[in-house]
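The sequence and structure follow.

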Amino acid sequence: MVKVKIGDRVYIHGDIANPCHWGTVTAFMQEGNAFQITPDDADDAPYWVQTYMLQDEYKGNGQPRIVTESAYGAWREAQISKLVHAVR
C-alpha cells in the first residue's frame, strides 16, 4: 500500500463522468482506511477515497485511477523521452 500524508499531491485519471484532475490529500479518516482529496479546482468539492485506490505506478491507460505525483511524473517523463527519441 502506498503511504501518503496530508499535503501530498495526487493525480486522478478521470472516467466517463469525471474529468482528469489534480488534488491534494487534506484529511484521513480516523480508521485510516480512506483519505480526502481536495481538487485544485475551487469549484469542485472535496471527496473521500479508499486508501487501496492510490497506486505508485501510473500506466496512462486509466488504471489505476489515482496515483502519486511522483508516479505521474515518472510516466510523463518516460512518454516525453519516447517522443524525443522517435523524432531523432
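How many residues lie between strand 2 and strand 3 in the hairpin, and which residue in the turn has a positive phi? Strand 2 and strand 3 form a hairpin with five residues between them, and glycine 32 in the turn has a positive phi of about 80 degrees.

The model is predicted: local features need pLDDT of at least 70, side-chain atom pairs count only at pLDDT 80 or more, and totals for chains, interfaces and linings use all residues. Residues are numbered from 1 along each chain as its sequence is written, and side-chain values use heavy atoms, with hydrogens and water left out.

**Sheet**

Helices (H or I, at least four residues) and strands (E, at least two) are DSSP runs, numbered from the N terminus. Two strands pair if DSSP finds at least two bridges between them. On this basis, six strands form an open sheet in the order 4-3-2-1-6-5, with mixed pairing. Strand 4 and strand 5 stand at the edges, each with a single partner strand, so one side of each is left without a neighbour in the sheet.

| Strands | Sense | Bridges | Bridge partners |
|---|---|---|---|
| Strand 2 and strand 3 | antiparallel | five bridges | valine 25 and isoleucine 37 |
| Strand 3 and strand 4 | antiparallel | four bridges | phenylalanine 35 and valine 49 |
| Strand 5 and strand 6 | parallel | two bridges | glutamine 55 and valine 67 |

Burial is stated by relative accessible area: buried means under 20%, exposed over 50%, and partly exposed in between (1.4 Å probe, protein chains only). Five of the six residues of strand 3 (residues 34–39) are buried, so strand 3 is largely enclosed by the rest of the structure.

Phenylalanine 28 belongs to strand 2 (residues 21–28). With a relative accessible area of 34%, phenylalanine 28 is partly exposed. Contact means heavy atoms within 4.5 Å. Neighbours within four places in sequence aside, phenylalanine 28 is in contact with Val4, Lys5, Ile6, Ala34, Phe35 and Trp48. Phenylalanine 28 and tyrosine 72 are 44 residues apart in sequence, and their C-alpha atoms are 22 Å apart in space.

Proline 64 is found in the loop between strand 5 and strand 6. A cis peptide bond joins glutamine 63 and proline 64, with omega about 0 degrees.

**Aromatic pairs**

Rings of Phe, Tyr and Trp (its six-membered ring) pair if their centres lie within 6.5 Å; planes under 30 degrees apart count as stacked, over 60 as edge-to-face and the rest as tilted. A search of the whole structure finds eight aromatic pairs. In one of them, the rings of tyrosine 11 and tyrosine 58 have their centres 5.6 Å apart and their planes at 80 degrees, so the pair is edge-to-face. This pair links distant parts of the chain, 47 residues apart: tyrosine 11 is in strand 1 (residues 9–12), and tyrosine 58 is in the loop between strand 5 (54–55) and strand 6 (66–68). Tyrosine 11 counts as buried at 9% relative accessibility, and tyrosine 58 counts as buried at 7%.

The rings of tyrosine 11 and tyrosine 72 have their centres 4.3 Å apart and their planes at 35 degrees, so this pair is tilted. Tyrosine 11 lies in strand 1 and tyrosine 72 in helix 1 (residues 69–87), so the pair ties together parts that are 61 residues apart in sequence. Like tyrosine 11, tyrosine 72 is buried. Ring pairs link Tyr11, Trp22, Tyr58, Tyr72 and Trp75 into a cluster.

Helix 1 also holds glutamate 69, which counts as partly exposed at 40% relative accessibility. Apart from neighbours within four places in sequence, glutamate 69 is in contact with Arg9, Val10 and Trp22.

**Largest pocket**

On a 1 Å grid over the protein atoms alone, a pocket is an open set of points where a 1.4 Å probe fits, with protein on both sides within 12 Å along at least five of seven lines; lining residues have an atom within 4 Å of a point. Grid points are joined across faces, edges and corners, and a volume is the space filled by probe spheres set on the points. The largest pocket holds about 230 Å³ of space. Of its 15 lining residues, the closest to its centre are Ile12, Asn18, Pro19, His21 and Tyr47. Strand 2 and strand 4 are the elements that give two or more residues to this lining.
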